[in-house]
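Please keep the model open while you read them.

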Amino acid sequence: MRVMTFNLRFENDQDGSNAWNYRRDLVVKLIEQYSPDILGTQEGRVSQLDYLEASLSGYGMHAPSRVLDDTCQYPTLFFRKDLFRIIEGDEFWLSKTPKIHRSKNWDSAFPRMLSTATVELLESGQFFSVAVTHLDHVGQKARLKQAEIIAHWVQKKTVPVILMGDFNDGPDSEAHRALENNKTGLVDSWEALGHPEGEESFTHHAFTGTPRKSRIDWILTTVPPYVLDARIIHDQFDGRYASDHFPYCIDLNWRMQK
């Protein structure tokens, strides 16, 4: 089972030649090239997400109980329609009042959200939960508090969990420690394979292709499923990049490989 997290970069005319209308076909091309079974996106506005749902072959967008707001950038899940049955889902804001639209607290610059689904893998009958999020890019305290809210959600689940997103923090951060620990049972898929940290693991590049910041895009999982492979996708198309983040993609198996 292949899972991809991908920060799309929100629709912003100030991006010039990197504005959404000039690269949206590259986004679709890249996603279809790697063909994830589950895709989690960040920063998508309503028009961007609608375009992906209409353009991606065989995928359905999961946006339960969503209040549509053109000013919002939503973390969003897409599933291969032929592989999964969605049992239930939820969305809530990472704040002290999670059901209040666009609510935020602490030093969070923007409202932040978690979108979730519990699904059945039709081939095996395996049930599990998936979630995608995008933590705040400014507030250090907010990122920790937002991570703690997500950790509490994970701890309440009675099925395996896959959590992905742009966490705007590195693997040595308090937010990472709040999520990857014995209480949640989550492990960092990159670390699980012993991959090194460094410039080659950085996932933000500002459309330049030159990695910067740190490894801020993660996929965390309980065990099982087992991580078979993990890669940061550096693909370009005639010198152009689909987004200002490199997508991160992992392969999972529900049985341990001998």
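How many bridges join strand E8 to strand E10, and do these strands run parallel or antiparallel? Point 1 takes this up, and the later points move through the rest of this predicted model.

1. **The pairing of E8 and E10.** Strand E8 (residues 161-166) and strand E10 (residues 217-221) run antiparallel, joined by 5 bridges. If you want a pair of residues to start from, Met-164 stands opposite Ile-219 in E10.

2. **The sheet that holds them.** Both strands belong to an open sheet of 6 strands with mixed pairing, in the order E5-E6-E7-E8-E10-E9. Strand E5 (84-93) and strand E9 (187-188) stand at the edges with a single partner strand each, so one side of each has no neighbour in the sheet. Helix H3 (residues 140-156) packs on this sheet, where it touches E5, strand E6 (113-121), strand E7 (126-134) and E8. The direction of H3 makes about 175° with that of E7.

3. **Strand E6, an enclosed strand.** Do take a moment over E6: 9 of its 9 residues are buried, so E6 is largely enclosed by the rest of the structure. Both of its faces are covered.

4. **The partners of E6.** E5 pairs with E6 in the antiparallel sense over 9 bridges, and Phe-84 has Leu-121 as its bridge partner in E6. E6 and E7 also run antiparallel, joined by 8 bridges, with Thr-116 opposite Ala-131 in E7. The hairpin of E6 and E7 has 4 residues between the strands, and in it Gly-125 takes a positive phi near 80°.

5. **Thr-118 in detail.** Leaving aside residues up to four places away in sequence, Thr-118 touches Arg-85, Ile-86, Ile-87, Glu-88, Phe-128, Ser-129 and Lys-157.

6. **The other sheet.** There is also an open sheet of 6 strands in the order E3-E4-E2-E1-E12-E11, again with mixed pairing. Its edge strands are E3 and E11, each of which pairs on one side only. Neighbouring strands in this sheet are turned by 20° against each other on average, direction ignored. Strand E1 (residues 2-7) pairs with strand E12 (residues 248-253) in the antiparallel sense over 4 bridges, and Val-3 stands opposite Ile-250 in E12.

7. **Helices H1 and H2.** H1 lies across E1, E2 and E11, and runs at about 160° to E1. In helix H2 (residues 46-55), the buried residues are Val-46, Gln-48, Leu-49, Tyr-51 and Leu-52. Their cover includes helix H1 (20-34), strand E2 (38-44), strand E3 (59-62) and strand E4 (74-80).

8. **Two cis peptide bonds.** Please look at the loop between E10 and strand E11 (226-232), where Pro-224 is found. The peptide bond from Val-223 to Pro-224 is cis, with omega near -5°. The bond from Pro-224 to Pro-225 is cis as well, with omega near 5°; Pro-225 is found in the loop between E10 and E11.

9. **Positive phi outside glycine.** Ser-65, which is not a glycine, has a positive phi of about 50°. Ser-65 lies in the loop between E3 and E4 and is exposed, with a relative accessible area of 62%. Phe-207 likewise has a positive phi, near 70°. The place of Phe-207 is in the loop between helix H5 (189-192) and E10, and Phe-207 is buried, with a relative accessible area of 16%.

10. **The cavity.** How many cavities of 30 Å³ or more does the structure hold? The count is 1, and about 40 Å³ of space lies in the largest cavity. Its lining is formed by Leu-30, His-205, Ile-233, Asp-235, Tyr-241, Ala-242, Ser-243, His-245, Phe-246 and Pro-247. By class, that lining has 6 nonpolar, 3 polar and 1 charged residues.

Note on methods:
Residues are numbered from 1 along each chain as its sequence is written. This is a predicted model: local features need pLDDT of at least 70, side-chain atom pairs count only at pLDDT 80 or more; totals for chains, interfaces and linings use all residues. Side-chain values use heavy atoms; hydrogens and water are left out. Buried means under 20% relative accessible area, exposed over 50%, partly exposed in between (1.4 Å probe, protein chains only). Contact means heavy atoms within 4.5 Å. Two strands pair if DSSP finds at least two bridges between them. Axes are lines fitted to C-alpha atoms, for helices over the stretch in contact, and angles run from 0 to 180 degrees between N-to-C directions. On a 1 Å grid over the protein atoms alone, a cavity is a set of points where a 1.4 Å probe fits but cannot get out, and a pocket is an open set with protein on both sides within 12 Å along at least five of seven lines; lining residues have an atom within 4 Å of a point. Grid points are joined across faces, edges and corners, and a volume is the space filled by probe spheres set on the points. Ala, Val, Leu, Ile, Met, Phe, Trp, Tyr, Cys and Pro count as nonpolar, Asp, Glu, Lys and Arg as charged, and the others, Gly among them, as polar.
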